[in-house]
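Dear colleague,

I am handing over the structure we spoke of, and I would be grateful if you could look through it with the notes below at hand.

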Amino acid sequence: MSALDTGRSGDTQPAGVALAGDYWRPEGRPDPLGEKGRSGIGAPLSRVDGADKVTGGARFAGEFRFDGMLYAALVYSTIANGRIFGIDTRDAESLDGVALVMTHQNAPRLNTPPVFLRAPNGAAGDDHPIMQTDRVHWNGQPVALVLAETQEQADAAAESIRVDYAAEPAMTDFAIAKTQARQPDNLLGGPAEIRVGDADSALAAAAYRVDATYTTPRHNHNAIEPHALTLAWVNEPEGEGETLRIHDASQCVDLAVASLAEVFGIDISRIHITSPFVGGGFGGKTLWQHQILAAAAAKLAGRPVRLALSREGVYRVVGGRACTEQRVALGADDRGRLQALIHSGVAAMTRHNNLPEPFFQATKCLYAADHIRLSIDVADMHMLANTFMRAPGESVGTFALESALDELADQLGMDPLELRARNEPERDPTSGLAFSSRHLLEAARAGAERFGWSERSATPGGRHDGEWQIGMGCATATYPYMRMPGAVATITLTPDGATVGIAAHEMGMGTATVQTQVAAARLGLPVEKIAFRYGDSQLAGSVLAGGSQQTAAIGGAVIAAQRALVTELLSLVDEHSPLSGLSPDEIECRDAGLGAIGDGSRFESYRQILASAGRSELCVEASAAESQELGNWSMHSFGTIFCEAGVNAVTGEVRIRRLLGSFDCGRILNAKTAASQFRGGMIMGLGMALMEETLFDARSGRVMNPSLADYHVPVQMDVPEIEVMWTDIPDPHTPMGAHGVGEIGITGVGAAVANAVYNACGKRVRDLPITLDKLL
Amino acid sequence: MNAFDYHQAADGTQAIEQAVRCQQAKYLGGGTNLVDLMRETVERPQTLIDVTRLSRDITDTDGGGLIIGAAVTNAALAGDARVRRRYPLLARAILSGASAQIRNMATVGGNLLQRTRCAYFYDTATRCNKREPGAGCDALEGFHRYHAIFGTSSSCIATHPSDMAVALVALDARVHLRGPAGDRQLAITELHREPGERPDLETELQPEELIVAVELPPLAMAVHSQYRKVRDRASYAFALVSVASMVELDGDTIADTRLALGGVGTKPWRAWQAEAALRGQPATAATLAAAVDAELAAARPLPGNTFKVELARRLMIAELSQRLSDARNGGDA
Ligand SMILES: Cc1cc2nc3c(=O)[nH]c(=O)nc-3n(C[C@H](O)[C@H](O)[C@H](O)COP(=O)(O)OP(=O)(O)OC[C@H]3O[C@@H](n4cnc5c(N)ncnc54)[C@H](O)[C@@H]3O)c2cc1C
Ligand code: SF4
C-alpha cells in the first residue's frame, strides 16, 4: 500500500483536537481530525480484536449457549409457487430427541415484518407472512422447523418430513419475466428514471456510437460465517414479563429489534440483540425468516434455541444480488466528448421487496454528458427476495458503463484513461450539485504511473507470453458517501480513560479498531485508554452497517458527543481552573485533558477536572447532526482499477496477473484496515468478473449450486498481488474528512477485467462471468 | 443424514465378512465423497465399514511397476518419489484435484469410486435417473456445463469426476478386487460402465466386492507423461476438460501413445480412436488433427457443453504437440 501523499511531517503536528464545527454547511469549518499530519489518524494500527479472533476468544452468534437449549433445523420448499397440500410430520415427531415440529399449522400468530427500505423500522427482506399459511412463494422457503436436543437429531427429523405441494404456475424464467417488466415506483427512495436533455436524439446524431447490452447473473451471499443465532425468551424477575434475548450475526441490531417487536407484537424494550462479532455481512446479515422462526419456535417450545443455517440454508433463505440486463449507449464527438449517455435495463425482483438492483447509480455522477437518460425496470419473479450485496448497483452497473466506455475509446482510437479525463464533469451531471471532494483524475494518473499503464498495447492482441495473450484494462470505481440519520453516541469519561458506546457493528471491517483510533485522537487519549462498545441494541442510537456509511455515521455522533463532553467538563471547573472562562469552541482535547487552543499554559487533565468536581465519571450522550451535507454537495468516492490479464490462446482460461486500485476516498483513517477493505472488495470483484454465478434453474426457480464447492469464488491461486493506493485528500464536509471504504473496491473491477481481456485477445465479453467458453 | 452403524475392518477379508453380514453396508474410505452424499441424503447406508486400514503400502513389482494399496491416500500417492519419477502424470492428476485437505483424507479406492458431481444428482428435490432409476434426468435440459459429451445416453449425461482415474486409465492400470467369491483383477478401463439405461449401475463391481489395490504396469514412455486440466478457476474445481498424454517416437513416427480425457466422459475416457489413428503414423500436425477428429466424431454435446468439443480438440492437439516436441528433445518436459 502507499499513499499518494502521506503529508505526515512530525513538526507540523497539531497539538490537540478542537471541537468539530459545522462541516455540513457550505461555509462550515472542516472537522479538524481530517487535517493532514494528525497523529494516530491513518496509522496502520492492528486490529484491536485480532488476537481474540485468531485464538478463538471471539465468540460468534452460533457459539453462545443457554441452559436447556434446543437445536433447530429447517425444511425448505421445493416448489416456487403454490400451496402446501399435506405435510407429514409423524416420523419426525417420533424420533429421539425431537421437542417440536413447527409448521404453518401450529406456528404462533406472527405479524408480517416491516420491509427494509419500505418501512422506517424495516429490516426484513420481504413482506411474506412467515409460516402463517399454506402458501409457498419461492423455491427454498422454510415450510417446517424442527427443534431437537442435538443438531444431528434435528437434521435427521427435518429430513424425514414429507411435504406434498399443489404447485401453481411460477414465473421463474428471467427471459420471460423481463418481457413483462415494469417501472418501480422508486429506486432507493429516488426516481427510477432520470432524464437530462434528450439523450435518444443526441445518440442518433452522434458521430461515434456504442450501443450494447451487458448482462450480469445472480449472486449469492457467502460470508465466511453462515447466518446463525442463539436466543431465549427470558422471564424477568418480579413479574416483569418476558424478554427476547438474541445473540445474532447482524449488521443492523436496532432495525432488527424494531422489526421483531412488530412481528411479535411486543415493545422494543422487550428485545435485546447483541452481535459482538460478525463473520462478514456484505448486506446479507439483516433480518430473514430464520431469526423470526427461531424465536417463534423457542416461544412454542418454551426453551432456548440455536439456529445455525447450513451453507445451503443461506442460499435458500437469505437473498442475494439480482440478475440484470443493461443497455449502455454512448454517443460522442470526434474528440471523445460524450453527447449522449443512456443506461437503462431490467433487473429481477419480486413484488414483495423493494430493491431494484440500482445499476445506474454510478452513472448519475461519473461523466459530463450533454444528454443523459437513466432508467430501470424490474421483472417480477417467484424467487427469494433479492437484497443488498456489496456495492449494490455500482458493482454490476460499472461493469456495463465502464465496458462501454472502453468500447468507445477503442472506436475513437483513444486511450481509455484519456477518454475518461475528457469527460470529467465540473459539477454532478444529474443533480447539478458541486462535488464535495473529487480527485478522480489525480487518483487515475497516480495509479497509471504506478501500474505502468503506458506499457499497454493500443491494439488488442499485441502482447504474448507463450500461450498467454496479455492485455491491460482500466475502469473507474465509484461509490457514494452517505451518512444516515439516527446515530447517537455516548462517552463515559473516567480518570482512567473513556468508553465510547454506539449501536454500530463490527463485521470484520475493522470498525472497532478504527473508531478506537479516532476516539483516541479526538479525546487526546492514547488508544489503550479507549474502549469502544458496539453491536448491542441497548446502546444508544441506531447505525446501519451498510452503504459504506458506518464510519461517517459514527464519526458524526462522536463529534456531537465530544462537544457535549467538553461542555459538561467546562461546567464542572471552578474559577481557579486554568480553563475558567473558556467556551467550548476555545478548547481542544489534548494530552488526556482539555487545553486552550493556542495557549499551552492553560490546561487541565480529565483526571484533575473530575477529581476537583468530586466525580468518578462523567457520561454524555449526543446525536449526530443532520446529514445536511448530502443536500449541499454531490458526495462520492472515486478510484481507478487497473488490471493486467492473461488469456490462454489454447484454452480461453483467464488469469489475472496484476491488479491495482488507486482510490480517492477522503482521509484514510487506518492504512491497514482500509487496505484490507479495498483488497477484499477487489477480490470480490474478481469473483464477479470471472466466476461468481448462482445457477437458478429457470424451470423450477431452484438454486442448483448452493455450496462453496459449486458456487465458485476466487481461491488463492486466482488472486494475484493486489496493490492499493489512495489520494488521502480529506473531504472538508465529512466527519474526519473520511469516506467509507467498504464497497468501492468491488466497483470497476468487472469492467477492468473485461477490458483487459479485450486488450489481450480482442474478444469483448458483455456477459458475466467471463468464463473460458466465451473466449474460445 | 440417517443414523448408521460403524465398523472398522482390520483387512480386506474382514471388511467383506462384515459387509456380507450387514444390511445395506457401504465401504468407507476417507469419506470425502460418501459422507457428503449422506449429508444430502443421496446415500443412506445402514452400516459403514471403514476400510482405511487396508493396505497403505506402495510396493514395487518385479517388472518395474507399482502396486498401490487401496487405502493409500491421494496425498501419499502423489508424493511418492517412484510415482513422480516413473508416472509423473499420475502425481499431476492427483494434485490438480480437490484441495490439500481432501487429498490428505481421500483414498485410492474411494477416489476411483467417487460419484458424479451432477447438481441434480445431489439435490433430492429434482429428478435424476442415477439416484432414482426411471425418474427422469433434469440435467438434460438444465445445467450441464460440467456434463459429458462422450458415453452419454438419453438417461444420463453425468461425468465421472475423478482426475486420478483419468491418469490410471491412460496407464492401463489394473484393479485388484476381493469379494465373497474370491479375488480377481480387472483392467481399469473395464471398471466403470457407461450409463445406458441404468445410470445407477456405475461399475462392474459385484455386491460387497472391494478394491484392495491398483497395479501400475511398467511403461517406459510414462516417464514423460503429462496431465493438463482446464477448469473454471485456478484451483479447487473439477475439470471442464483434462488431458492425460504420452508418446513414444521412433524417428519421425509415433511408435506408441496413450491419451485419456477427463471432464468429458461418463467414465474416465480413454481416447482409443485417437490412439489408433496416431500409432505408426508420421508425427505431423495433420496426423494429430486427424486423430483428434477421429475421437471427437463420437462426441454428443448439448447446448450447455458444446464448447467442450472445441476445447477438447485444442487441448489434445496442444498436449500431443508438446509431448512430441518433448520426445524429440530427449523427453525433457
Ligand atoms: C469440494 C471437493 C472438490 C473436489 N475436487 C476434485 C477434483 O478436482 N478432482 C477429483 O478428482 N476429485 C475431486 N474431489 C473428489 C475427491 O477426490 C473424492 O471425494 C475422493 O477421492 C474420494 O475418496 P474417499 O476415500 O474420501 O472416498 P469415500 O468418500 O470414502 O468413498 C467414495 C466411494 O468409494 C467407495 N469405496 C471407498 N473405498 C473403497 C474400496 N476400497 N473398495 C470399494 N469401494 C470403496 C465408498 O463406498 C464410496 O461409495 C473433490 C471433492 C470435494 C469434496
Ligand atoms: S445427468 Fe445423470 S446424474 Fe445428472 S440428473 Fe441426469 S441422470 Fe442424474
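This is a predicted model: local features need pLDDT of at least 70, side-chain atom pairs count only at pLDDT 80 or more; totals for chains, interfaces and linings use all residues.

Residues are numbered from 1 along each chain as its sequence is written, chains are lettered from A and ligands numbered from 1 in the order in which they are written, and side-chain values use heavy atoms, with hydrogens and water left out.

The contact between the chains

Taking contact as heavy atoms within 4.5 Å, chain A contributes 30 residues and chain B contributes 34 residues. The area buried between chain A and chain B comes to about 2500 Å², 56% of it from carbon and sulfur atoms; buried area here is the accessible area (1.4 Å probe) that two parts lose on being put together, summed over both.

If a salt bridge is defined as a side-chain nitrogen of Lys or Arg within 4 Å of a carboxyl oxygen of Asp or Glu, a search of the whole structure gives 72 salt bridges over all chains, and 6 salt bridges are found across the interface of chain A and chain B. In one salt bridge, Glu467(A) is paired with Arg228(B), with the closest N and O atoms 2.7 Å apart. Glu467(A) sits in the loop between β18 (463-465) and β19 (468-480) of chain A, while Arg228(B) belongs to strand β9 (residues 226-230) of chain B, so the pair joins two chains. Helices (H or I, at least four residues) and strands (E, at least two) are DSSP runs, numbered from the N terminus. Arg699(A) forms a salt bridge with Asp138(B), and there the closest N and O atoms are 4.0 Å apart.

On the side of chain A that touches chain B, the elements giving two or more residues are α3 (151-159), α8 (311-317) and β29 (696-697) of chain A.

A sheet in chain A

In chain A, 5 strands make an open sheet with the order β9-β17-β16-β15-β10 and mixed pairing, where two strands count as paired if DSSP finds at least two bridges between them. Its edge strands, each pairing on one side only, are β9 (193-196) and β10 (208-216) of chain A, and the twist averages 10° from one strand to the next. β10(A) pairs with strand β15 (residues 324-332) of chain A in the antiparallel sense over 9 bridges, and Tyr208(A) stands opposite Ala332(A) in β15(A). Helix α10(A) packs on this sheet, touching β10, β15 and β16 (338-349) of chain A, and its direction makes about 150° with that of β10(A); axes are lines fitted to C-alpha atoms, for helices over the stretch in contact, and angles run from 0 to 180 degrees between N-to-C directions.

A sheet in chain B

Chain B has an open sheet of 3 strands in the order β1-β3-β2, with parallel pairing. The edge strands are β1 (5-8) and β2 (25-28) of chain B, and the twist averages 25° from one strand to the next. β2(B) is joined by 4 bridges to strand β3 (residues 47-50) of chain B, and Lys26(B) is found opposite Leu48(B) in β3(B). Across β1, β2 and β3 of chain B lies helix α1 (residues 12-21) of chain B, which runs at about 155° to β2(B).

Two backbone features in chain A

The peptide bond from Leu768(A) to Pro769(A) is cis, with omega near -10°, and Pro769(A) is placed in the segment after α18 (749-761) of chain A. Ala391(A), although not a glycine, has a positive phi of about 50°, and Ala391(A) lies in the loop between β17 (371-380) and α10 (394-412) of chain A.

With kind regards
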